[in-house]
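Let's take a friendly walk through this structure together. Please have the sequence and the 3D view at hand as you read.

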Amino acid sequence: EKGDSYTIEDILDELENISNDQERDADDRERAEKLQFRFGRLASYDIFGSSDHNLEELAAPQQLTVLDLSGIPFEAQDVISQLILDRLYQAKIRNKLGEDGETYDYPIFSVIEEAHNFCPAEDQTSASQKLSEIAREGRKFGMFLTLITQRPSRIDEDVLSQCNSMIVQRIVNSKDQNSIAKASEAMATDMIDELPSLNVGEAIITGPA
């Protein structure tokens with residue numbers, strides 16, 4: 001409301017003030033205590049700072065950048081992925097619309113490993129809504145998405161169905177086979193039946209690719 005910059009520590013201080021204010025409604029105090037715990041965990045990951053990362057260091061023509069987020073809690077992986085994807089996507093939209101600000105006049109390809117964690121079928125994550133939006137709309141702005149997973153049945157159906165091309169290696173699990181069949185009109189029944197018998201390095205490729 002003040003329009004000033006603030007840190008996650010400032011939020012924690014304010015939540016503590018609310019939870020200790022006996023004149024406040026009991027439900028408000030209880031909610032503030034719960035939020036204190038969650039924000040306290042986020043603060044402990046040491047991923048928040050007072051300046052933006054220069055995304056031109058991450059995305060440039062003929063450049064491959066790998067963000068290794070292993071070793072930090074998934075909550076932090078999720079937040080970092082959502083923020084970076086959003087900034088890249090908004091920059092591509094601004095470029096298409098000719099608006100000022102951070103823009104890129106070249107295509108950006110984002111590859112998500114262990115995609116079932118970031119856009120799961122049974123839950124919502126910070127990154128899942130952004131991945132869904134990019135899967136639906138990204139191509140017209142020049143931002144492309146590749147999802148990599150060993151468990152396609154655990155990926156959100158809407159996101160999976162937006163994948164125009166599929167490279168499918170050996171899959172034995174029937175639930176995963178059914179998910180692929182539902183998501184790809186080009187994947188015929190006889191192709192699905194072949195998936196369990198594929199050798200290492202073999203794949204069935206469908207779609208414009």
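In which helix does glutamate 137 lie? Glutamate 137 belongs to helix H5. Bear in mind as you look that this is a predicted model. With a relative accessible area of 28%, glutamate 137 is partly exposed, because a residue between the 20% limit for buried and the 50% limit for exposed is placed in that class. Glutamate 99 sits 38 residues away from glutamate 137 along the chain, and their C-alpha atoms are separated by 18 Å.

Stay with H5 for a moment and turn to the aromatic rings. The model has 4 aromatic pairs. One of them joins tyrosine 89 and phenylalanine 141 in an edge-to-face arrangement, with 5.9 Å from centre to centre and 80° between the planes. This pair links distant parts of the chain, since tyrosine 89 is in helix H3 (residues 74–97) and phenylalanine 141 is in helix H5 (residues 126–141), 52 residues apart. Tyrosine 89 has a relative accessible area of 1% and is therefore buried. Phenylalanine 141 is buried as well, at 16% relative accessibility. The rings of tyrosine 104 and tyrosine 106 make a tilted pair, because their planes meet at 55° while their centres are 5.6 Å apart. Both tyrosine 104 and tyrosine 106 are buried.

In soluble globular proteins, nonpolar side chains tend to be buried together. Here the largest nonpolar core has 35 residues, and those with the most contacts inside it are Leu88, Tyr104, Ile112, Leu131, Val168, Ile180 and Leu195. Several elements each supply at least two residues of this core, among them H3, H5, strand E1 (108–112), strand E2 (143–147), strand E3 (166–168) and helix H7 (174–183).

Ile8 takes us to helix H1. This helix has 13 residues and reaches 18 Å from its first C-alpha to its last, close to the 18 Å expected at 1.5 Å a residue. Which residues of H1 are buried? They are Ile8, Leu12, Leu15, Ile18 and Ser19. Viewed down the axis of H1, these buried residues fall within an arc of 125°, so they line one face of the helix. An α-helix has 3.6 residues a turn, so residues three or four places apart point the same way. Helix H2 (26–44) is included in what covers the buried residues of H1.

The side chain of serine 19 makes a polar contact of 3.1 Å with the side chain of glutamine 36. Apart from its neighbours within four places in sequence, serine 19 is in contact with Arg29, Ala32, Glu33 and Gln36.

Back in helix H3 you will find isoleucine 80. Leaving aside its neighbours within four places in sequence, isoleucine 80 is in contact with Ile47, Leu69 and Ile72. Isoleucine 80 and leucine 67 are 13 residues apart in sequence, and their C-alpha atoms are 9.9 Å apart in space.

Let's finish with the backbone. Most residues other than glycine have a negative phi, and most peptide bonds are trans. Glutamine 62 has a positive phi, near 55°, in a residue other than glycine. Glutamine 62 is placed in the loop between H2 and H3, and at 89% relative accessibility glutamine 62 counts as exposed. Glutamate 114 has a positive phi of about 50° although it is not a glycine. Glutamate 114 lies in the loop between E1 and H4. With a relative accessible area of 34%, glutamate 114 is partly exposed.

Definitions and conventions
Residues are numbered from 1 along each chain as its sequence is written. This is a predicted model: local features need pLDDT of at least 70, side-chain atom pairs count only at pLDDT 80 or more; totals for chains, interfaces and linings use all residues. Side-chain values use heavy atoms; hydrogens and water are left out. Rings of Phe, Tyr and Trp (its six-membered ring) pair if their centres lie within 6.5 Å; planes under 30 degrees apart count as stacked, over 60 as edge-to-face and the rest as tilted. Helices (H or I, at least four residues) and strands (E, at least two) are DSSP runs, numbered from the N terminus. Buried means under 20% relative accessible area, exposed over 50%, partly exposed in between (1.4 Å probe, protein chains only). A polar contact is a pair of N or O atoms within 3.5 Å; within protein, one must be able to donate a hydrogen and the other to accept it, and residues adjacent in sequence count only if both atoms are side-chain atoms. Contact means heavy atoms within 4.5 Å. A nonpolar core is a set of buried Ala, Val, Leu, Ile, Met, Phe, Trp, Tyr and Cys residues joined through side-chain atoms within 4.5 Å. The expected span of a helix is 1.5 Å times one less than its number of residues. The arc is that of the directions from the helix axis to the C-beta atoms.
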